Amino acid sequence: MRYKLISSKIERVTIIKSNKAFVLILMLVIALISVTFIYLISKDKPEEISYNLFLKLLDKGAVMEVNIGQDSKIEVILDNGRKTITENPRTEGFKEELLLKDVVVNEKDIEITEAIMPIIILLSLVLMVISMRRDFSGQAEKEMATISKMDDDLPQIDIRLKDVAGNEEAKRSLKEMVDFIKNPEDYIKFGARMPRGLLLYGPPGTGKTLLAKALAGEANVPFYPVSGSDFVQVYAGLGAGRIRELFKKARGVGKSVIFIDEIDCIGKKRKASDFGGSEEGDRTLNALLTEMSGFKENEGIIVVAATNRIDVLDDALLRPGRFDRQLEVELPDINARYRILKLHSKNKPLNSGIDLRKLAEETIYFSGAKLESLLNEAAIMAVKEKSKDITKEHIEKSYLKVLVGDEKLERSHIDMKDKEITAYHEAGHALIAKLIDKNNRVTRVSIIPSTRGVGGFSINLPQDKIYRTRKDLASNIMVALGGRAAEEIIYGKDYITTGASSDLEKATETIISIVGNLGMDDEYGLLNIKVLSAMGLTGENNLIERSSSILSDLYKETKKLLEDSREYLEKMTRELIIKETIDEEEVNRILEISPEGHTIN
Ligand code: ADP
Ligand code: ZN
């Protein structure tokens, strides 16, 4: 396994090198073209003066230099350095006349340079293309070689699920998949279809690669890692070919895990307006989709893809039969951070003065990768200093080192106030959801940023209903406003934050819909704004006024609810600051709600 990783790394380096050469050549071409352009343009730039004016200037001795050629114009340089052109009189004594007036006369043929220039450009372009061609065919050979290498040694993985800390939900899901891979026959018997693709999404360094490896490790099958960015540098059909080759290899081996990191590089949403480059990307993406649909049922091959951003992915990737299982991999909360720190300090001699719990507290917003590098840097320092173990000072120095260059972390470290504001804000949302209706389920409240934004809370509204009532919609708005309302109650009007911007987007959308689309406001009436505007009729002003007024009332109501339950708001915020994430059980405990949904006292 180790050998395999190293060999492919070397190849990657040569590919990058030849890529650099390509970029260099490209830049040269661009530079050449620009220079030519500027030359041609600036040549035409001098302002033209009339021949009469030229003669007047000549008389006054204001002409310094004249360039004469076969052209119909001559170039005139005045004593102030300005360049102008005028008609070429083409008279016999013209040159002598000039010379007698002490004007410098140059006889140079502009025509020749002009005629030669396009030839020069063409020649250099041809040369560039030839050298580029050579470069690409070399790259293509290397790319193919990387793939052929794959069966030289079957990569077996020694990473297990126990090597991944936190991410409990993702791990549970992976355990199920391990069974799918190990015993596909059982699933065939019951006519069950094995999932083909698993998409892991979340911030960088949170353990997505680690989870994919653990899946292969647990199932004891080969692991084939590739990166979406590898396919982007590839030219003319090579990306698609590479995908097919990859799947062919995996199929030849049978059960295996294919891992595609940075899937967004090949799977971005397709836009009609895209030109050129994206065509190649499309071909690669199509090849991937075709290969995935072409799996025989229960072959035991799972494709795991990872991305930092699920929102930019093409919908085609997320459809059933493709990456239909999606797991969010989040930044670790305080408990997960403690477990990650413990895991990575297992093989390191830590001084007894180091309190990992406390370190976990101080590393909010750190990813797993950052935590690992924090301990690693400390270990390196300890070795360099020939210390007998890793001390608190090493950790402290390493902490600063890891923070350097990461503005977000640096800021978060200094400004623990942010943590408090976020806690109040999220508690506000969660509390409103429960206060409106105890049967609303708040399954999770968190102050750790996720791909969806800072902090977060999940609520499951009760029964799935076909119709939603006006009251349901108004409740949604109040839940959305709960964050801002909590901020205002605690910190006052002047200190409300930008944290509510997406909440307000959602609230605005809903209220406009209530009033303008759904006929749910008596005063505005039953007219539908979409139809009105399609007919060129307006009604927006009235709509905006009504919507804004209702929204204000709902906000007041939201604030009132929170003020009346301030004690709970404080309690939940305190828990959030300590634990960073709280689950449904804890939410209910804080609000003194029994599992059946009744208040205990
Ligand atoms: P991603 O693929 O999400 O960018 P990686 O899986 O490459 O992140 O993580 C990089 C390294 O960080 C891992 O090799 C591991 O050492 C450490 N790491 C990240 N998350 C965890 C975790 N949850 N548990 C243990 N180690 C982790
Ligand atoms: Zn919010």
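# Two ligand sites and selected residues of a predicted model

Arg283 is found in helix 11, which spans residues 277–293. The structure is a predicted model. With a relative accessibility of 45%, Arg283 counts as partly exposed, because this class covers values between 20% and 50%. Arg283 and Gly237 are 46 residues apart in sequence, and their C-alpha atoms are 7.2 Å apart in space.

The next part concerns ligand 1. There are 17 residues around ligand 1, and Ala165, Gly205, Lys208, Thr209 and His344 come nearest. By class, the residues of this shell divide into 7 nonpolar, 7 polar and 3 charged. Three helices each supply at least two residues of the shell: helix 7 (208–219), helix 13 (334–345) and helix 15 (368–384).

The shell can also be described by domain. Domain 3 covers residues 161–328 and domain 4 covers residues 334–404; both give residues to the shell, so ligand 1 lies between them.

Several polar contacts to ligand 1 involve the protein backbone. A polar backbone atom of Ala165 is 2.8 Å from a nitrogen atom of ligand 1. For Gly205, a backbone N or O atom lies 2.8 Å from an oxygen atom of ligand 1. For Thr206, a backbone N or O atom lies 3.2 Å from an oxygen atom of ligand 1. On its own, ligand 1 has 560 Å² of accessible area, and the protein covers 80% of this.

Two residues with positive phi come next. Most residues other than glycine have a negative phi. Asn167 has a phi near 50 degrees, a positive value in a residue other than glycine. Asn167 is found in the loop between helix 4 (110–149) and helix 5 (168–182). The relative accessible area of Asn167 is 17%, so this residue is buried, the limit for that class being 20%.

Lys386 has a phi near 55 degrees, again a positive value in a residue other than glycine. Lys386 is found in the loop between helix 15 and helix 16 (392–403); helix 15 is one of the helices that supply at least two residues of the shell around ligand 1. Is Lys386 buried or exposed? Its relative accessibility is 75%, so Lys386 counts as exposed.

At 0% relative accessibility, Ile432 counts as buried. Ile432 and Gly482 are 50 residues apart along the chain, and their C-alpha atoms are separated by 6.0 Å.

Two further residues have C-alpha distances to partners elsewhere in the chain. Ser446 lies in strand 11, which comprises residues 441–446. With a relative accessible area of 4%, Ser446 is buried.

Leu591 is found in the segment after helix 24 (584–590). The relative accessible area of Leu591 is 8%, so Leu591 is buried. Leu591 and Lys434 are 157 residues apart along the chain, and their C-alpha atoms are separated by 8.6 Å.

How values were computed: Residues are numbered from 1 along each chain as its sequence is written. Chains are lettered from A and ligands numbered from 1 in the order in which they are written. This is a predicted model: local features need pLDDT of at least 70, side-chain atom pairs count only at pLDDT 80 or more; totals for chains, interfaces and linings use all residues. Side-chain values use heavy atoms; hydrogens and water are left out. A residue is near a molecule or strand if one of its heavy atoms lies within 4 Å of it. A polar contact is a pair of N or O atoms within 3.5 Å; within protein, one must be able to donate a hydrogen and the other to accept it, and residues adjacent in sequence count only if both atoms are side-chain atoms. Accessible areas come from the Shrake-Rupley method with a 1.4 Å probe; for residues, only the protein chains shown count as cover. Helices (H or I, at least four residues) and strands (E, at least two) are DSSP runs, numbered from the N terminus. Ala, Val, Leu, Ile, Met, Phe, Trp, Tyr, Cys and Pro count as nonpolar, Asp, Glu, Lys and Arg as charged, and the others, Gly among them, as polar. Domain bounds come from an automatic or database domain assignment. Buried means under 20% relative accessible area, exposed over 50%, partly exposed in between (1.4 Å probe, protein chains only).
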